[in-house]
Amino acid sequence: METSSMKMTLRLLASVLFIILAIAFIGRSHAQAAPLWTLTDDSSVGFTAEQSGAPVPGKFEEFSSEIKFHPDQLDSSSIRVVIQTGSVNTEDNSRDGTIRSGSFFDSDSHPEATFEASSFEKTGDDQFVAKGTLNLRGTSNPLELPFTASVENGVLKASGSTTLERLDYGVGIGEWASTAVVSNTVEINFDIIGNQ
């Protein structure tokens with residue numbers, strides 16, 4: 001009888017200990033989850049191309065994002081940015097029309113460009129690299145995006161840039177496949193501010 005009672009007591013203690021450990025683990029996992037940020041209107045996504053040897057800066061007026069990030073919680077961080085290619089703005093209506101056309105973005109058939117990443121590497125103080133995939137004009141390629149980021153007083157500030165080859169995504173067909181006028185290399189840049 002005493003042995004049976006002791007076994008029941010041990011089982012009860014083991015169950016309580018298991019519950020305590022489970023609660024502690026869940027709380028710890030929750031605490032380590034990277035926060036989700038809502039971008040402010042001051043955030044921007046842009047690019048710089050080169051036409052006839054001169055830089056041509058532009059930006060996208062419409063984009064959405066789901067950014068979960070914290071410098072100390074890279075394992076649970078992720079980025080998904082969706083850009084409306086038809087919202088391109090280089091402050092030249094004729095040029096913007098050409099960029100939206102089937103010769104470049106083909107915005108009617110491919111209205112969205114998407115960058116997604118869930119792998120991050122810290123390369124220095126407030127310096128990181130997001131390793132993900134860019135889908136543009138129906139073509140997906142790996143893309144590494146170096147950036148700086150900091151979180152202070154519940155505000156995320158991040159900026160970065162990288163280069164890509166437009167022809168790798170079929171951006172520029174027909175006469176525009178030539179790099180004599182428009183360079184193949186395009187710089188992509190962003191500057192964001194996020195609140196929780």
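Here are a few friendly questions and answers about this predicted model.

Reader: Which residues touch the most other members of the largest nonpolar core?
Author: Let's start with where this core comes from: β2, β5, β7, β8, β9, β10 and β11 each supply at least two of its residues. The core has 35 residues. Those that touch the most other members are Phe69 and Phe147.

Reader: How many residues apart in sequence are the parts that the pair of Phe104 and Trp176 ties together?
Author: The two rings form a tilted pair, 5.4 Å centre to centre with 50° between the planes. Phe104 sits in the loop between α2 and β7, while Trp176 sits in the loop between β10 and β11, so the parts tied together are apart in sequence by 72 residues.

Reader: How many residues in the lining of the largest pocket are nonpolar?
Author: This pocket holds about 810 Å³ of space, and 42 residues line it. Nearest its centre lie Phe47, Phe60, Leu164, Val186 and Ile188. Besides six polar and three charged residues, the number of nonpolar ones in the lining is 33.

Reader: Which strand gives the most to that lining?
Author: Look for the strand that contributes five residues to the lining of the largest pocket. The one that gives the most is β2.

How values were computed
Residues are numbered from 1 along each chain as its sequence is written. This is a predicted model: local features need pLDDT of at least 70, side-chain atom pairs count only at pLDDT 80 or more; totals for chains, interfaces and linings use all residues. Side-chain values use heavy atoms; hydrogens and water are left out. A nonpolar core is a set of buried Ala, Val, Leu, Ile, Met, Phe, Trp, Tyr and Cys residues joined through side-chain atoms within 4.5 Å. Buried means under 20% relative accessible area, exposed over 50%, partly exposed in between (1.4 Å probe, protein chains only). Helices (H or I, at least four residues) and strands (E, at least two) are DSSP runs, numbered from the N terminus. Rings of Phe, Tyr and Trp (its six-membered ring) pair if their centres lie within 6.5 Å; planes under 30 degrees apart count as stacked, over 60 as edge-to-face and the rest as tilted. On a 1 Å grid over the protein atoms alone, a cavity is a set of points where a 1.4 Å probe fits but cannot get out, and a pocket is an open set with protein on both sides within 12 Å along at least five of seven lines; lining residues have an atom within 4 Å of a point. Grid points are joined across faces, edges and corners, and a volume is the space filled by probe spheres set on the points. Ala, Val, Leu, Ile, Met, Phe, Trp, Tyr, Cys and Pro count as nonpolar, Asp, Glu, Lys and Arg as charged, and the others, Gly among them, as polar.
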